[in-house]
Each structure stands twice: as structure tokens, then as C-alpha cells.
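Q: I have a chain open here and want to go through its fold. Can you take some questions on it?

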Amino acid sequence: MAFLIDDSRPIFVQIAERIEDDIIEGVLPEESQVLSTNQFAAFYQINPATAAKGVNMLVDDGILYKKRGIGMFVAEGARAKVIEKRKEQFFEEFVVTMVREAKKLGITAEQLTDMIRKGDNA
């Protein structure tokens, strides 16, 4: 689990995103157990409460669930939920921003499509 803490964003968000990445990539399949908050805290040398906050975000989103006395597990359907969430974020953060900038620069939809194709072949 190669992961560097980015000081520009909250650590608990980065922990949640790292777990989501592992779910998307199949490193953490559905129904598999994830590290405990204490294990995350030790691994990243952070406060256990910070790690718990990131894990609890995913519990609130229905991505993880707790088995009392055993630990946290990846929920059934978690991968599809994470992918859908990330697609929505991608649209808002990148596509909407790109289209607005393209309009400012007078780039047509056709030109923008050509640029995307060119970037895909780069």
C-alpha cells in the first residue's frame, strides 16, 4: 500500500480515498476485511481518531460495514457505488470545468472532442 500523505487535503479524506482505490482496483474485494483504524494509524503514523473518521465516512456511504467484535468489511455492491461516486466527481471536477474553459476560449464541442481523442492517443 504505497501512499504518501498530501498535506493540502485532510488525512481522513485521503484514507477513505485510498480504501476506495483499493476497492476499485480489486485489492479489496467485496466482503473482504479492511485494516483496523489502529492498523491504519500505525501504518500512516497518524492519530487513530483521524483514521476512524476516514473509515466512518465509508461506513456512512454504505461502502464498508462493521461486524461487531471482528472488524470492518467491504460491503456488497461497494465497488459499483465507489465507481458511480467517482464518475460523478470526475464530471463535476473535470468535465464541467473543462467545458467552461473551452467556451471561454472559443473551443467548439467538435474541437474539444478532437482534443480528447488526441489526448487519448498520446
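Q: Among contacts between residues at least 6 apart in sequence, what share joins residues at least 24 apart?
A: That share is 53%. Bear in mind that this is a predicted model.

Q: How many helices and strands are there?
A: The protein has five helices and two strands. Read from the N terminus, the order is α-α-α-β-β-α-α.

Q: What does the largest nonpolar core look like?
A: It has 19 residues, and Ile19, Ile23, Phe40, Leu64 and Val74 have the most contacts inside it. At least two residues each come from helix H1 (11-24), helix H2 (37-44), helix H3 (48-60), strand E2 (71-74) and helix H4 (78-104).

Q: Which element gives the largest share?
A: H1, with four residues. As a general point, nonpolar side chains tend to be buried together in soluble globular proteins.

Q: Stay on H1. Which of its residues are buried?
A: Phe12, Gln14, Ile15, Ala16, Arg18, Ile19, Glu20, Asp22 and Ile23. The cover over the buried residues of H1 includes H2, H3, strand E1 (64-67), E2 and H4.

Q: What is its length, end to end?
A: H1 has 14 residues and runs 20 Å from first C-alpha to last, close to the 20 Å expected at 1.5 Å a residue. Just after H1, Gly26 has a positive phi of about 85°.

Q: Where do Glu31 and Gln45 lie?
A: Glu31 is in the loop between H1 and H2, and Gln45 is in the loop between H2 and H3.

Q: Is each of them buried, partly exposed or exposed?
A: Glu31 is partly exposed, with a relative accessible area of 39%. Gln45 is exposed, at 72%.

Q: Switching to Leu58. Where does it sit?
A: Leu58 is in helix H3.

Q: Why does Leu58 count as buried?
A: Because its relative accessibility is 0%, and buried means under 20%.

Q: What does Leu58 touch, leaving out residues up to four places away in sequence?
A: Ala16, Ile19, Glu20, Ile63 and Leu64. Ala16, Ile19 and Glu20 are also among the buried residues of H1.

Q: Last topic: what does UniProt list for residues 9-77?
A: The unreviewed UniProt entry lists "domain: HTH gntR-type" there. In the model, that stretch is 51% helix and 12% strand, and its end C-alpha atoms are 27 Å apart.

Notes. Residues numbered from 1 in each chain as written. Predicted model: local features only at pLDDT ≥ 70, side-chain atom pairs only at ≥ 80, totals over all residues. Heavy atoms only, no water. Core = buried A, V, L, I, M, F, W, Y, C linked by side-chain atoms within 4.5 Å. Buried < 20%, exposed > 50% of the residue type's maximum accessible area, 1.4 Å probe, protein only. Expected span 1.5 Å × (residues − 1). Contact = heavy atoms within 4.5 Å. UniProt positions renumbered as here; feature names shortened; annotations may be inferred.
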